[in-house]
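Please open the model in your viewer and keep the sequence panel beside it.

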Amino acid sequence: MARRSTASVFARAYERNLKALTKITLSNSKRVAGQVQRATAKRLKPPPGKGDWLSGVAIGAGGARGYHLFRPADLQLKPGEKLPLMVMLHGCGQTGRDFAASTRMNALAVRQRFLVLYPEQDRLAHPQGCWNWYERRSGKADAEAATLMAAVDQACVLYPVDRERIALAGLSAGASMAALVATRYPNRFRAVVMHSGVAPGAAKSSATALGAMRGQNVPPMPATAVGKAMGAAAVFATLPPMLVLHGDADAVVAPSNAVNSAAVWATAMGARPGLPRDVQRGKRRPMRVTDFKRKGRTVVSLCEVAGLGHAWSGGASKLLFSDAAGPDATRMTWAFAMVQFKHAAKAPS
């Protein structure tokens, strides 16, 4: 009888422990599931801005990539009217929604009546969500650029996009990819904006990318080296004008990349630098602006922001990769694009 009693005691204890373990496991599972659900809901939640946050998928040489297109609410289009398109490429560790929230480009789109396209890097293509701008030797960078163009083309087909008024902007890895896309498809964009990116042609593989980010292997390039660094398209086609923004306190991508980006682009466009000027608006961080001109027209503008780290200048506060104290890069991006749109409209066909 003693043995049965002891066995019964152990059996009951085992059942109690099993029930407790099951309860804890279910509780943890529900908690984890809840966290995943909340994270998914946040990712799918539209960013601030009065309009539609429309999802899509584009397929190209680099595979499939999702995207979102922001369309301002209550658009009253005239018959046959087309709207400008701003293409925004996020940085590492960001999503399209994060980038939209940080830059607040959607709010500006509502006021100025334009569409905004946010392509999304697939985490299977890069675990940190970085665009593979540096994988030129393997061909992965060009394939990804082709997929991004597939997203642009799809937006042009599905929405009222004016193909003659498309601009491209990016932050960090997005800026580097924006420059690559612009060199590969120069006639498709009227303006390109690099914010905190690596100089075009500074890296060809993952092994050289980190060095390029630190400012290594990117000396000012003479005209004879521009074509080799940027690709044949840069030599034989007219590049879109470029706005370069960078913080002089950037510890992720060396500020020297901004100087070299502007120099490489200006050389390819046959532009010469003017005298730098200091600009400060209100209490925002000051910046040093250098314009590069060709035949009296500014085709490259370099803005070096004092005290700005690796962040979108003038972005929403309390968000990653966003500095509210800097000059408003969103307004500057759109203003630069508008000037190029107007110049293109006046140019003889």
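Two residues are in contact here when they have heavy atoms within 4.5 Å of each other. Among contacts in the protein chain between residues at least 6 apart in sequence, 67% join residues at least 24 apart. This is a predicted model, in which local features need pLDDT of at least 70 and side-chain atom pairs count only at pLDDT 80 or more, while totals for chains, interfaces and linings use all residues. Residues are numbered from 1 along each chain as its sequence is written, and side-chain values use heavy atoms, with hydrogens and water left out.

**The whole chain**

Begin with the protein chain in cartoon view, where there are 10 helices and 13 strands; helices (H or I, at least four residues) and strands (E, at least two) are DSSP runs, numbered from the N terminus. Of the 349 residues in the chain, 47% are buried, where buried means under 20% relative accessible area, exposed over 50% and partly exposed in between, with a 1.4 Å probe and protein chains only. Switch to a surface and the chain exposes about 17,400 Å², of which carbon and sulfur atoms supply 57%; these areas come from the Shrake-Rupley method with a 1.4 Å probe, and for residues only the protein chains shown count as cover.

**The nonpolar cores**

In soluble globular proteins, nonpolar side chains tend to be buried together. A nonpolar core is a set of buried Ala, Val, Leu, Ile, Met, Phe, Trp, Tyr and Cys residues joined through side-chain atoms within 4.5 Å. Select Leu-85, Leu-117, Met-177 and Trp-265, which touch the most other members of the largest core, a set of 57 residues. Helix H4 (residues 140–158) supplies the largest share of this core, nine residues. Another core, of 33 residues, lies apart from it, and its members include Ala-100, Leu-243, Leu-308 and Ala-329.

Pockets and cavities are found on a 1 Å grid over the protein atoms alone: a cavity is a set of points where a 1.4 Å probe fits but cannot get out, a pocket is an open set with protein on both sides within 12 Å along at least five of seven lines, and lining residues have an atom within 4 Å of a point. Grid points are joined across faces, edges and corners, and a volume is the space filled by probe spheres set on the points.

Which residues lie nearest the centre of the largest pocket? Select Leu-243, Arg-281, Ser-301, Met-332 and Ala-335, which hold that position among its 19 lining residues. The volume of the largest pocket is about 380 Å³, and the elements that give two or more residues to its lining are strand E9 (277–279), strand E10 (287–294), strand E11 (297–305) and helix H10 (329–346). H10 gives the most, with six residues. The lining divides into 10 nonpolar, three polar and six charged residues, counting Ala, Val, Leu, Ile, Met, Phe, Trp, Tyr, Cys and Pro as nonpolar, Asp, Glu, Lys and Arg as charged, and the others, Gly among them, as polar.

The second largest pocket has a volume of about 310 Å³. Select Cys-92, Cys-130, Ser-172, Ala-173 and Met-213, the closest to its centre of the 22 residues that line it. By class, this lining has 13 nonpolar, nine polar and no charged residues. H6 gives the most to the lining of this pocket, with four residues. Staying on H6, Ala-209, Gly-211 and Ala-212 are buried, and what covers the buried residues of this helix includes H9.

The whole structure holds three cavities of 30 Å³ or more. About 50 Å³ of space lies in the second largest cavity, whose lining includes Val-87, Leu-89, Leu-148 and Phe-189. By class, the lining has nine nonpolar, no polar and no charged residues.

**Two single residues**

Select Ser-261 in helix H9 (residues 256–269), which counts as buried because its relative accessibility is 0%. Not counting residues up to four places away in sequence, Ser-261 touches Met-194, Val-198, Ala-199, Pro-200, Met-242 and Val-244.

Finish at Phe-341, found in helix H10 and buried, with a relative accessible area of 5%. Its C-alpha atom is separated by 7.7 Å from that of Glu-164, 177 residues apart along the chain.
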